[in-house]
Amino acid sequence: MKFAIALFAPPHSPAARRALRFAEATLAGGHEIVRLFFYQDGVHSASANSVAAQDELDVAAEWSRFVSANQLDGVVCIAAGLRRGVLDAGEAQRYQRPAANLAAGWELSGLGQLHEAAQQADRLVCFGGH
Amino acid sequence: MARSMLIISRQSPWAGPSAREALDIVLAGGAFELPLGLLFLDDGVFQLVGSQRAASVEQKDLTANLQALPLFGVDALFAARRSLAERNLDESSLALSVEVLDDAGLSALINRYDHVITI
């Protein structure tokens, strides 16, 4: 089955951890992830600048490793990212900000990517909505 | 056939970016002419109150954007009767033309859509 997975909640929320484990289980079960889409406070899980305590789960780092290792299509909403300070090098330069912090494996793009994924997927599974 | 999506907007317009970000999903989908619906539920129905003075809390008023939805091809707009009643809002004086649904209607509505996003 084809899954699109969306995350709306921040990295320290239970929803962010559940989304990560769900995504891992999706692949482990032989299914396909057509796209991961981070929106609202979910964009913070694609920041390379969050620091977890040594004995705590580093959700953002795990996401980055997971997306890269499985060569997944990982999209962070650009408008939500800009609003919350998750920038790639191009956006940091465009808005003259001192640093880019988008983690490896992710790309910034628009909400059209969410709709496209929803069209391609059998299931859209959202984590952390209200 | 394109898959349909219902966006359920549950936050008031002054409770942070959620109302704006729910609307942005709808507008983005409208641009692709996808079959979309937008349901105002719980505090989301506060978005339907007219004459908001968003500038007094240094925000932008979403009302004009909501009223433009039919121009973007999105005219499946709904509100929950129970949510309106709980907040003492009059169905007949909303700033947007919406179909008001009771609980059974909500259940049927959600079942009609392929995908549901709640924000």
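Let's start with chain B. Take its contacts between residues at least 6 apart in sequence: 72% of them join residues at least 24 apart. A contact here means two C-beta atoms, placed from the backbone, within 7 Å.

A word on what you are looking at. This is a predicted model, where local features need pLDDT of at least 70, side-chain atom pairs count only at pLDDT 80 or more, and totals for chains, interfaces and linings use all residues. Residues are numbered from 1 along each chain as its sequence is written, while chains are lettered from A and ligands numbered from 1 in the order in which they are written.

Back to chain B. It has four helices and five strands. Helices (H or I, at least four residues) and strands (E, at least two) are DSSP runs, numbered from the N terminus. Read from that end, the elements of chain B go β-α-β-α-β-α-β-α-β. The radius of gyration of chain B is 13 Å, close to the 14 Å from the globule rule for 119 residues, so chain B is as compact as a globular protein of that length. That radius is taken over C-alpha atoms, and the rule is 2.2 Å times the number of residues to the power 0.38. Along its principal axes, the C-alpha trace of chain B spans about 45 × 30 × 20 Å.

Now the sheet. In what order do the five strands of chain B stand? The order is 4-3-2-1-5, in an open sheet with parallel pairing. Two strands pair if DSSP finds at least two bridges between them. Strand 4 (99–101) and strand 5 of chain B are at the edges with a single partner strand each, so one side of each has no neighbour in the sheet. On average, neighbouring strands are turned by 25° against each other, direction ignored. Look at strand 1 (residues 5–9) and strand 2 (residues 36–40) of chain B: they pair in the parallel sense over five bridges. In strand 2, B:Gly37 is the bridge partner of B:Leu6.

Next, the helices on that sheet. Helix 1 of chain B lies across strand 1, strand 2 and strand 5 of chain B, at about 160° to strand 1. Angles run from 0 to 180 degrees between N-to-C directions, with axes as lines fitted to C-alpha atoms, for helices over the stretch in contact. Helix 4 (residues 103–112) of chain B also packs on the sheet, and its direction makes about 110° with that of strand 4 of chain B.

Over to chain A. Chain A has five helices and five strands. They run β-α-β-α-β-α-α-β-α-β from the N terminus.

How much of each chain is buried? In chain A, 45% of the 130 residues are. In chain B, 34% of the 119 residues are. Buried means 20 or more other C-beta atoms within 10 Å of a residue's own; 12 or fewer is exposed, in between is partly exposed, and C-beta atoms are placed from the backbone.

Where do the chains meet? The contact takes 17 residues from chain A and 18 from chain B. On the chain B side, helix 1 gives the largest share, six residues.

Last, the core. The largest nonpolar core has 68 residues, and A:Ala6 and B:Ile7 are among those with the most contacts inside it. Such a core is a set of buried Ala, Val, Leu, Ile, Met, Phe, Trp, Tyr and Cys residues joined through C-beta atoms within 7 Å. A:Ala6 touches residues including A:Phe37, A:Leu114 and A:Phe127, not counting residues up to four places away in sequence.
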